[in-house]
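Hello,

Here is the structure that I promised to hand over to you. Please open it beside this message, and read the notes below with the sequence in view.

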Amino acid sequence: MDDLLLPEVDEDGAPFWAYAARGELRVQACAAPGCGRLRFPPRPCCPHCRSFDSEWRAMSGRGRVWSYVLPHPPLLPAYAAQAPYNVVLVALADAPGIRLVGNVVSGPDAPLDSVDPGRLRIGAPVKAVFCPVSADVTLVRWQLER
């Protein structure tokens, strides 16, 4: 996994990555009275009420595959070695309007190609698993639920 691209941790998203490192899936929410709407990706201002007050709400870590792709070569060398693999968009069960990008894998530290692409389906239930990949980043990945 040494050559895989990693997300850039910025000030707004740093809490997301800190919670992920603890094995928690949390989503930013507006903390203004009367609003409370969830938002992702994290940002300083609520797009609904324009408040700068926010908090991080715990999610169950469950969701459903909303969409997926199977990238084909040409790919970056680190990814080509694991092809075919999947990239999924997961709608969170607790917040269906929030969708996270990731990979369905057989376990937290499993390679990207660890799940047969034929097992993927739109609507398939998944649960979050956490894979530390650097000192600053623990990736949220997904496992199929039975």
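Leaving aside neighbours within four places in sequence, Ser54 is in contact with Gln28, Ala29, Cys30, Ala31 and Arg39, where contact means heavy atoms within 4.5 Å. Before going further, please keep in mind that this is a predicted model, in which local features need pLDDT of at least 70 and side-chain atom pairs count only at pLDDT 80 or more, while totals for chains, interfaces and linings use all residues. Residues are numbered from 1 along each chain as its sequence is written, and side-chain values use heavy atoms, with hydrogens and water left out.

To return to Ser54, this residue lies in strand 3, and its relative accessible area of 35% makes it partly exposed; buried means under 20% relative accessible area, exposed means over 50%, and partly exposed is in between, with a 1.4 Å probe and protein chains only. Computed along the sequence in residues, Ser54 and Leu6 are 48 apart, and their C-alpha atoms are 25 Å apart in space.

Now for the chain as a whole. It has two helices and eight strands, which follow one another from the N terminus in the order α-β-β-β-β-α-β-β-β-β. The radius of gyration is 16 Å, close to the 15 Å that the globule rule gives for 146 residues, so the chain is as compact as a globular protein of that length. Helices (H or I, at least four residues) and strands (E, at least two) are DSSP runs, numbered from the N terminus, and the radius of gyration is taken over C-alpha atoms, with the globule rule being 2.2 Å times the number of residues to the power 0.38. Taken along the principal axes, the C-alpha atoms fill a box of roughly 50 × 30 × 25 Å. Of the 146 residues, 40% are buried, and of the contacts with a separation of 6 or more, 54% are between residues 24 or more positions apart.

Leu25 gives an example of a buried residue. It is found in the loop between helix 1 (14–21) and strand 1 (26–30), and it counts as buried because its relative accessible area is 4%. Apart from neighbours within four places in sequence, the residues that Leu25 contacts include Phe16, Met59, Leu92, Leu100, Phe130 and Trp142. Val140 is also in contact with Leu25, and although these two residues are 115 residues apart along the chain, their C-alpha atoms are separated by 7.9 Å.

Val65, in strand 4 (residues 62–69), is likewise buried, with a relative accessible area of 2%. Residues up to four places away not being counted, Val65 touches Val88, Leu89, Arg121, Ile122, Gly123, Ala124 and Val126. Its C-alpha atom is 22 Å from that of Arg37, at 28 residues along the chain, and 9.3 Å from that of Arg99, at 34 residues along the chain. Arg99 itself lies in strand 6 (residues 99–102) and is partly exposed at a relative accessible area of 34%; among the residues that Arg99 touches, again without those up to four places away, are Phe40, Trp66 and Leu89.

Is Ser51 buried or exposed? With 12% relative accessibility, Ser51 counts as buried, and a polar atom of its side chain lies 3.0 Å from the backbone nitrogen of Asp53. Ser51 touches Cys30, Ala32, Pro44, Cys45 and Cys46, residues up to four places away in sequence not being counted.

Arg50 has its place in the loop between strand 2 and strand 3, but Arg50 is exposed, with a relative accessible area of 66%. Its phi is near 70°, a positive value in a residue other than glycine. Pro41 is found in the loop between strand 2 and strand 3 as well, and the peptide bond from Phe40 to Pro41 is cis, with omega near 5°. A cis peptide bond also joins Ala83 and Pro84, with omega about 0°, and Pro84 is found in the loop between helix 2 (77–80) and strand 5 (87–92). As background, most residues other than glycine have a negative phi, and most peptide bonds are trans.

Notes: A polar contact is a pair of N or O atoms within 3.5 Å; within protein, one must be able to donate a hydrogen and the other to accept it, and residues adjacent in sequence count only if both atoms are side-chain atoms.
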